[in-house]
Every structure is written in C-alpha cells, then in structure tokens.
Amino acid sequence: MAVLSKIAGISLPFNCYEVVHTWHPDCNTAALFVGASFFREGLKMYFPLYVITLFLRGKLSLDACMNTLTNIFTSSAFLGFQGVGVIFFSCLLRKLLGRYYFLSYIYIPTVITCFLALLIERKSRRLPLAIYVANVATETILRMAAARGIVKPVRNAEVAISIQKDTALHKHLERITDHPPVNCPHIIQSKITLKAHEVS
C-alpha cells in the first residue's frame, strides 16, 4: 500500500495544454472539438450498422425507423462523450489539484468518463459494452505483461479471452431471458460432424 501511495503522490511538471490538448490552448474548445470528432465518427460507424439491422429484421415501420435513429444518436453520443469527458475531467482535476499527479493525469478522468458515458448508452447495450471493454483491457494487460517479461507469451491467448467473454455473455442472457440463446457448442459440434461426413 505504501508503494501505491508513493506512485499516486508523484506530481507531473506539465499543464494540460502541454500534454492533453496540444492543438488548442483552451480546455473547453479542445474538449468540444474532440467530442464532435468522436460523435461524427460514431455516426459513420453506427448509421450503417443500425440501418442494415433494421432492414434485416424486415420491420420497416415509422416507429422502427424512429427507434433506429434514436439508437444511432444515442450510441454516437456515447462515443462523443468519451472524447469530451477525458479532456474535460483531466483539465478539471488539474485545476482543482493545482497540478497533475500520476493518477489524476488520465486514469481518474477516464474512469469518471467511462462511468458517465455508460449512463448515456441504452441499458440493453451496457453489458455487451462492459464485456467487450473488459476483454480489450485484459488482452492489453496480457500483452503488456508479456512484453515486459512478467509472464510468458501464451499462444492464442486472445482466443481464450474471447471465449471467456462470450461464455459470460451467454450465461447472462440465459439468466435474464425466458428463451435462452442457442447453445453454441452444439452448433460447433454439428458443423464438425458435417465436415467429417463431407470428407468421408
């Protein structure tokens, strides 16, 4: 615990213009610029995704179209807030504390931003997003540890992490719905059996 308190107490001799938003001296302008860029990229990504899903469902009604537009803007706002929040909270913490510290530079602003951004996203998307981010974070930690020689590199570790993530999501869906999702191992086994019959 003493080591953690020493790390947390390390101050950094920079201001936010030098390390967070180097392209513009004003914190709010820089945060809004990044947030708008994230929102625009979110629209580019989510618009085709949700529109294709709408057409594949085959339910083209006014309510379904309005719901799709709402979902597009909600998911894009989720991404946009990520861009605004990290810069805003990083600058705010520097102003409140008087300087940057090890944890207040990016770690604490990111945690605050991610928590608030999840409140923007639809409830039905929160669990898959949390599982996806946990998957990416675990994979990143594993790669960093392997690069530093802390652990031995494990072949296909990303696949194992992905399987664990999918299993957790599958179990959650079984728990919250009356109709559990299709059991994936049976599908995989049937595909393997079909391939074996085709070969023979």
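Residues are numbered from 1 along each chain as its sequence is written. Because the model is predicted, local features need pLDDT of at least 70, side-chain atom pairs count only at pLDDT 80 or more, and totals for chains, interfaces and linings use all residues, while side-chain values use heavy atoms, with hydrogens and water left out.

**Helix H7**

In H7, Leu129, Ile131, Asn135 and Ala145 are buried (buried means under 20% relative accessible area, exposed over 50%, and partly exposed in between, with a 1.4 Å probe and protein chains only). The buried residues of H7 pack against helix H4 (62–97), helix H6 (107–120) and helix H8 (157–176), with contact meaning heavy atoms within 4.5 Å. H7 is followed by Gly149, whose phi is positive, near 80°.

Thr74 is found in helix H4, and it is buried, with a relative accessible area of 19%. Leaving aside neighbours within four places in sequence, Thr74 is in contact with Ile120, Glu121 and Arg122. Phe39, in helix H3 (residues 27–57), is partly exposed at a relative accessible area of 28%. With the same exclusion of neighbours within four places, Phe39 is in contact with Phe73, Ser76, Ala77 and Gly80; the C-alpha atoms of Phe39 and Ala77 are separated by 5.9 Å, although these residues are 38 residues apart along the chain.

**Salt bridges**

Side chains of opposite charge can pair when their charged atoms come close. A search of the whole structure finds two salt bridges, each defined by a side-chain nitrogen of Lys or Arg within 4 Å of a carboxyl oxygen of Asp or Glu.

| Salt bridge | N to O distance |
|---|---|
| Lys44 and Glu41 | 3.2 Å |
| Glu121 and Arg125 | 3.7 Å |

Lys44 and Glu41 both lie in helix H3, three residues apart, about one turn of the helix. An α-helix has 3.6 residues a turn, so residues three or four places apart point the same way. Lys44 counts as exposed at 52% relative accessibility, whereas Glu41 is partly exposed at 40%. Glu121, which pairs with Arg125, counts as buried at 2% relative accessibility, and Glu121 is also one of the contacts of Thr74.

Note on methods
Helix = DSSP H or I, 4+ residues; strand = E, 2+ residues; numbered from the N terminus.
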